[in-house]
Structures are given as C-alpha cells and as structure tokens.
Amino acid sequence: LRLLEAEQQHLTRHHLRAIDLYDASIQSAKKSGFIHEQGLACEKAGFYFIGENNKEKALEYFKQARECYEGWGSSMKVDFILTKLDSLNGQQLLR
C-alpha cells in the first residue's frame, strides 16, 4: 500500500512525501521478509530519483534493488536494472 501511495505522491509532485513513502515501503517489505517487494520498492525509488536528475541517489536504490532481486533469485530483474542503467548512463555502473 505504501508503494502505491508513494507513486501517487510522485505523480502529484509531492516529492518529500513520496520519498518518505518509498522508504516506508522498503522498510515494511524488509521487516515482513518480502524481498521481492522490497526490490520493487527500491527499483521504483531509483526510477523516481532518475526522474529528479539525482543519479547518485538513484544508484543507491538500484543497488539495493539489485541485491534484493539477487537474493530472490530473479536474474531477469537484475539484468533489467543493469540494462536500464547502462542505457541511461552510457556506462556500466553496477556490474
């Protein structure tokens, strides 16, 4: 639910609230042991920060997403994140 709220706040340009909700979503999923949902929340937060032209912060979240997806065993999601970042940055940042 928090992830959906974060996305809604992002779309309505309530940036500080969106960031808080992304982080709350990540922590809630982590606490509950839902590593795939934690990865998704990190991924969405990463894309949020790409949209805000904050690549440094985006990389932090994408690294967390990659770790979650690796722990979950989803090489396809790991590859997706790495490919997306490579295309955005023109270099291999997370490999």
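Mentor: Let us start with a definition: helices (H or I, at least four residues) and strands (E, at least two) are DSSP runs, numbered from the N terminus. The model is predicted, so local features need pLDDT of at least 70 and side-chain atom pairs pLDDT 80 or more, while totals for chains, interfaces and linings use all residues. Residues are numbered from 1 along each chain as its sequence is written, and side-chain values use heavy atoms, with hydrogens and water left out.

Trainee: Thanks! In which helix is Leu11 found?

Mentor: Leu11 belongs to helix α1. Buried means under 20% relative accessible area, exposed over 50%, and partly exposed in between (1.4 Å probe, protein chains only). With a relative accessible area of 71%, Leu11 is exposed. From Leu11 to Tyr48 the C-alpha to C-alpha distance is 9.9 Å, although 37 residues separate them in sequence.

Trainee: How should I read a pocket, and what lines the largest pocket here?

Mentor: Rolling a probe the size of a water molecule over the atoms shows where empty space is left. On a 1 Å grid over the protein atoms alone, using a 1.4 Å probe, a pocket is an open set of points with protein on both sides within 12 Å along at least five of seven lines; lining residues have an atom within 4 Å of a point. Grid points are joined across faces, edges and corners, and a volume is the space filled by probe spheres set on the points. In this model, the largest pocket holds about 210 Å³ of space. Its lining includes Leu1, Arg2, Ser25, Phe34 and Glu37. The elements giving two or more residues to that lining are α1 (2-11), α2 (15-32) and α3 (35-51), and α2 gives the most, with 4 residues.

Trainee: And which residues touch the most other members of the largest nonpolar core?

Mentor: A nonpolar core is a set of buried Ala, Val, Leu, Ile, Met, Phe, Trp, Tyr and Cys residues joined through side-chain atoms within 4.5 Å. Here the largest one has 22 residues, and Tyr22, Phe62 and Ile81 touch the most other members. At least two residues of this core come from each of α1, α2, α3, α4 (55-72) and α5 (75-89). Contact means heavy atoms within 4.5 Å. Beyond its neighbours within four places in sequence, Tyr22 is in contact with residues including Leu3, His10, Ala41 and Tyr48.

Trainee: How many aromatic pairs does the structure hold?

Mentor: Rings of Phe, Tyr and Trp (its six-membered ring) pair if their centres lie within 6.5 Å; planes under 30 degrees apart count as stacked, over 60 as edge-to-face and the rest as tilted. This structure holds 6 such pairs. Phe49 and Tyr61 are stacked, because their ring centres are 5.5 Å apart and their planes at 10 degrees. Phe49 lies in helix α3 and Tyr61 in helix α4, so the pair ties together parts 12 residues apart in sequence. Both Phe49 and Tyr61 are buried. Tyr69 and Trp72, by contrast, are tilted, since their centres are 6.3 Å apart and their planes at 40 degrees. Both sit in helix α4, 3 residues apart, about one turn of the helix. Tyr69 is buried at 2% relative accessibility, whereas Trp72 is partly exposed at 45%. Finally, Tyr22, Tyr48, Phe49 and Tyr61 make up one aromatic cluster.

Trainee: What is the phi of Arg13?

Mentor: Most residues other than glycine have a negative phi. Arg13, which is not a glycine, has a positive phi of about 65 degrees. Arg13 lies in the loop between α1 and α2 and is exposed, with a relative accessible area of 60%. Asn53 also has a positive phi, near 60 degrees, and is placed in the loop between α3 and α4. At 69% relative accessibility, Asn53 is exposed.
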